[in-house]
Amino acid sequence: MRSVKLLSFVIALGAVACSVETTSSSTSNGGPEEAKPAEQIPPAAQALGKDGTVASVELVEVYNAGAAAKLVDLAFNPLVPGEAWVVGYDSNVYIGQGLDGADPKWMKKKDPAAVHFMHKPPAIAMGDNGFWGTCGNNDNSQAARTPNLFMGPALFSTNLEVFAVRTPDGLGSHYDMLHNSPFCRGIAFVPGNSNNEYWVFNGQDGSLDRYKFNKDHGPGNDDHSDGEIYRYAAGQVKQAPDDTSSHVFYDATDSFLYVADTGNQRIVKLDTAKGTKGGELPRQNEPLKDQAVMEGTAVEEVIAPGVLEKPSGLEVKDDVIFVTDAATSTFYAFDKTGKELHRLATELPAGSLGGFVFGPDGHIWFADRVGGRVMKIVPR
């Protein structure tokens, strides 16, 4: 474990040689359409500053894991104040403690069996019950295996006496895993039930898959027989040709799943209350309590192609949809009809913006994938 003093710095306009030039043109992705008076910007969207420029915010470096970490996403533990969990594409997990104080401390951990249970994770979804989920952007061909598509979301504990501790059978510290969503690009937790329920973006099948782990099997075991998997909107979403994450967010206020449909350059939503069970999943990978392809399910376009080049990170707060564009390193805020409310061109290198979350302090905290940093946006 090492301590990192909270370091802040301001990136002024024009100070970075590789900065993206902003314009006042409404057709220029990455720059503000035009500066809006602060009173015209909804309170939630003001998390992106006053006028859409980096001069209106302070980009604060909270932690630097190094560029090789390729940090992709982060989440705060609701059971431990000031504790954040950050996943890197290097399969390491970086845990910050005391982030609500003056002397935060960080540790790096890697599950002993991460080569399967946490290989190339695109995102993290924090539960409300001491567990969190992630998934792997791969086809299980790592470690010189023949590709078999035996991949899906895995469940881990926030208990530091258990997480990343070797277990007798060599299956790491995972508490559960189900295997029908290879090339997973995003994951979201469904609060308010005891099913350990998560949604994932299935890149292989272009679908949105609903997983219920139900009762976990304990650390390092492998009984998945009480699991449930349901496939929605098969073939209706598309992964990016590169490894850009496609984040998903379950909004409990309206029961919609909001999706960064990266490969189709748009934002869509899925009504999770609709759908009836149809045929079985095309791949029968393991015994399950129940599984089905859901009929009568379709995504609805919220933000059409032409606005975002490579939508990736996504969160919903106070009925405002926040999205990152990985191509332009720009944050956007839209209302639920798709109307743009605000944007912030960070001027960070292309590909920098990974997943993000609203922290306990109300600010946006995000993973800088290029720089390997945890950052937050503090409006001036």
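Visitor: What should I keep in mind about the model and its numbering?

Guide: Residues are numbered from 1 along each chain as its sequence is written, and side-chain values use heavy atoms, with hydrogens and water left out. As the model is predicted, local features need pLDDT of at least 70, side-chain atom pairs count only at pLDDT 80 or more, and totals for chains, interfaces and linings use all residues.

Visitor: In what order do the 4 strands of the open sheet run?

Guide: Strands are DSSP runs of E, at least two residues, numbered from the N terminus, and two of them pair if DSSP finds at least two bridges between them. Here the order is S8-S9-S10-S11, with antiparallel pairing. S8 (124-126) and S11 (176-177) each have a single partner strand, so one side of each lacks a neighbour in the sheet. S8 is joined to S9 (residues 131-134) by 3 bridges, and Met126 stands opposite Trp132.

Visitor: How many aromatic pairs are there?

Guide: Rings of Phe, Tyr and Trp (its six-membered ring) pair if their centres lie within 6.5 Å; planes under 30 degrees apart are stacked, over 60 edge-to-face, the rest tilted. That gives 17 pairs. Trp85 and Trp132 make a tilted one, 5.6 Å centre to centre with 50° between the planes. Trp85 is in S5 (residues 84-88) and Trp132 in S9, so the pair ties together parts 47 residues apart in sequence.

Visitor: Is Trp132 buried or exposed?

Guide: Buried means under 20% relative accessible area, exposed over 50%, partly exposed in between (1.4 Å probe, protein chains only). Trp132 is buried, at 0%.
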